[in-house]
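Here is a short briefing to read alongside the sequence and the structure. Please keep the viewer open as you go through the points.

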Amino acid sequence: MTNPTTKEPRKIPPGYIGFPIIRDIKFLATVTSGTGVLDSLNHARRHYGTMFSQYFFGRINIACGGQDDLLWLFNNDRKSLTEIAWPPNIAMLLGPGAVANQTGRYHRVLRSLLEPSFAPKFVMNYLKCMDDTTLHELNDWASTGDYQSSEVFKMYALRLFYVSSFGKADEEVIATLHDDFKLWIGGFMAITVRRIKGTSFDEAMKARDRILDTVDMLIDEFIKENPEESERAQTTIIGRLIYGKDKDDNRMMTRDEMKDNILNLIFAGHDTTYASISTLLYHLSENPDAMEALADEVSTLIEPLDSDELKNAPVLNACIHESWRIDPPVIGSFRKVANTDLEHKGYTFEKGQTFNYSILMATTDESLYKNHDQFNMKRFLPKEHPLYELKDDSGIDPLAGRTNYPIFGGGTHVCLGKAFAQLELRVLAARMLKHYQVEHQQPAWILYGIRIPKISTDLKSSLPSALVQGTFLVLALTLKPSLRLKFSNRSFLYGRSDGAGVAFEVHKRAKMFVEII
Ligand code: HEM
């Protein structure tokens with residue numbers, strides 16, 4: 001902190017602030033093109049280091065992602081010297097009672113009311129319903145025999161959250177929530193928080209009202225059907241939120257807090273899960289050795305799935321952690337200086353200065369992860385594993401919650417749903433590779449089992465390759481039904497575009513189909 005008598009003129013880190021209009025165009029181009037985020041990050045990192053100024057939604061913002069920067073920021077968070085700083089539209093969409101919007105004591109109270117539902121031990125209560133939902137879902141995907149959009153991952157993510165929350169699924173309500181949620185998230189790109197009729201922000205706020213009404217009705221129903229001592233009240237997210245008490249204050253959540261926080265949880269777990277599934281499947285299909293090792297490992301898992309066994313499955317964890325590392329579902333978050341000016345690296349940051357801490361910068365730091373742009377799940381295998389290879393990596397433990405693997409953020413707002421997210425992905429990956437054969441497939445025409453690459457490439461080379469690939473495809477239709485993937489761009493908010501946002505197809509053995517692009 002600075003001494004007011006010796007305070008120097010404000011200095012901010014170097015960076016491209018740019019000229020009006022040009023910077024607006026540059027900013028929009030960066031955030032709307034998936035690879036633009038990583039490219040511009042790499043560019044800035046090369047020129048200015050791990051802390052630099054940037055123009056962001058109309059103001060100067062400090063981006064940072066070095067180990068020292070993250071430690072500094074997360075420690076400030078704990079001392080209440082920095083606080084959360086969502087852009088105003090996101091803060092409004094989240095609502096006044098949402099944990100992610102809060103600071104100080106109120107934030108601690110809300111966390112203490114929410115944390116029990118997401119504690120690693122408690123999360124194991126959700127294993128059975130997650131597993132049942134997953135088996136059912138995979139079967140549905142497999143039986144369509146047609147390409148589907150990656151939207152199904154979103155519905156699946158919502159369904160998992162819903163069954164863990166309420167202990168059962170109501171398809172009509174899930175579909176309504178899904179549609180409203182899509183409109184709600186559309187408000188994230190709003191440049192004004194004025195409610196002008198017909199704008200995406202206005203539509204998003206209306207969707208927020210509808211979601212809150214739906215949640216209100218669900219809470220009423222839950223209370224009616226599940227008294228405090230019932231099993232559902234004791235083992236579901238909503239049960240814990242309704243009946244749980246804060247240990248210090250002995251107070252329960254108000255109805256408004258409950259509604260805002262259910263929406264907050266849906267938001268926090270929805271697209272993150274969707275992006276996690278997309279990227280994991282992408283990297284596995286691009287890395288057949290990893291996929292094979294994983295399929296071998298999950299084939300030996302006992303039935304019913306056991307939470308400890310899943311938690312300790314080395315290849316499963318290594319693949320998930322490496323996929324999250326190379327394509328973090330959340331690439332960063334926002335903070336601002338709370339009340340007192342702060343100093344770091346010789347710069348003085350005044351009250352209100354905003355920061356964007358970068359998870360992506362840490363996970364693509366070459367000094368932490370050699371060949372960071374290559375998927376290498378072996379970096380996270382335990383030493384005693386037969387596939388373990390210590391090359392240049394420094395043995396980082398992704399579960400330690402350190403700044404060298406900040407996938408779930410850090411400081412006081414560190415992810416509340418970490419154990420939940422890990423369980424979801426473990427169950428899906430285990431079930432998929434235990435029961436299905438997963439094939440990677442670039443966009444192509446599939447004609448009676450023969451895969452014909454898009455004719456945009458050289459025709460002479462594509463025809464023989466079509467025949468070879470077609471032969472392999474037919475051979476591949478062996479005992480397991482197969483899942484096929486095709487890739488397109490992914491939302492900028494959730495990392496790079498080259499990795500995910502998949503349309504995919506699951507089909508039963510020997511099912512023939514034609515895909516028209
Ligand atoms: C792979 C999946 C996920 C990733 C990568 C992820 C990542 C993150 C990150 C980076 C933050 C910190 C944001 C900040 O510093 O401001 C965060 C916060 C949060 N996450 Fe997650 N998350 C995931 C899944 C989930 C799930 C499934 C839930 C719950 C169902 C959840 C609930 C939350 C909540 C409530 C917060 C806000 C906590 C607070 O502000 O105190 N997350 N998450």
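Predicted model: local features only at pLDDT ≥ 70, side-chain atom pairs only at ≥ 80, totals over all residues.

Leu 114 sits in helix 5, which covers residues 104-118.

**Leu 114 and its surroundings**
- Leu 114 has 21 other C-beta atoms within 10 Å, and because the threshold for burial is 20 or more, Leu 114 counts as buried.
- Val 99, Asn 261 and Leu 416 touch Leu 114, leaving aside residues up to four places away in sequence.
- Leu 114 and Leu 265 are 151 residues apart in sequence, yet their C-alpha atoms are 9.8 Å apart in space.

**The shell around the ligand**
- There are 24 residues around the ligand, and those that come nearest are Ala 268, Gly 269, Gly 409, Cys 415 and Gly 417.
- Two helices, helix 13 (255-286) and helix 18 (418-435), each supply at least two residues of this shell.
- Which element gives the largest share of the shell? That is helix 13, with seven residues.
- Sorted by class, the shell around the ligand holds 14 nonpolar residues, nine polar residues and one charged residue.

**Pro 13 and its contacts**
- Pro 13 belongs to the segment before strand 1, the strand at 15-16.
- Is Pro 13 buried or exposed? Pro 13 counts as buried, because 21 C-beta neighbours lie inside 10 Å.
- Setting aside residues up to four places away in sequence, Pro 13 touches Tyr 48, Met 51, Phe 52, Ser 53, Ile 62 and Tyr 347.
- Among these partners, Met 51, Phe 52 and Ser 53 fall in strand 2, which spans residues 51-56.
- Pro 13 and Gly 49 are 36 residues apart in sequence, with a C-alpha to C-alpha distance of 9.5 Å.

- Six strands make up an open sheet with mixed pairing, and their order is 1-2-3-8-5-4.
- Strand 1 and strand 4 (82-84) are at the edges; each has a single partner strand, so one side of each has no neighbour in the sheet.
- The partner of strand 1 is strand 2, and the two pair in the parallel sense over two bridges.
- Where this pairing is concerned, Tyr 16 stands opposite Gln 54 of strand 2.

Key
Residues numbered from 1 in each chain as written. Near = placed C-beta within 6 Å. Helix = DSSP H or I, 4+ residues; strand = E, 2+ residues; numbered from the N terminus. Nonpolar A, V, L, I, M, F, W, Y, C, P; charged D, E, K, R; others polar. Buried ≥ 20, exposed ≤ 12 C-beta atoms within 10 Å, placed from the backbone. Contact = placed C-beta atoms within 7 Å. Pairing = 2+ DSSP bridges.
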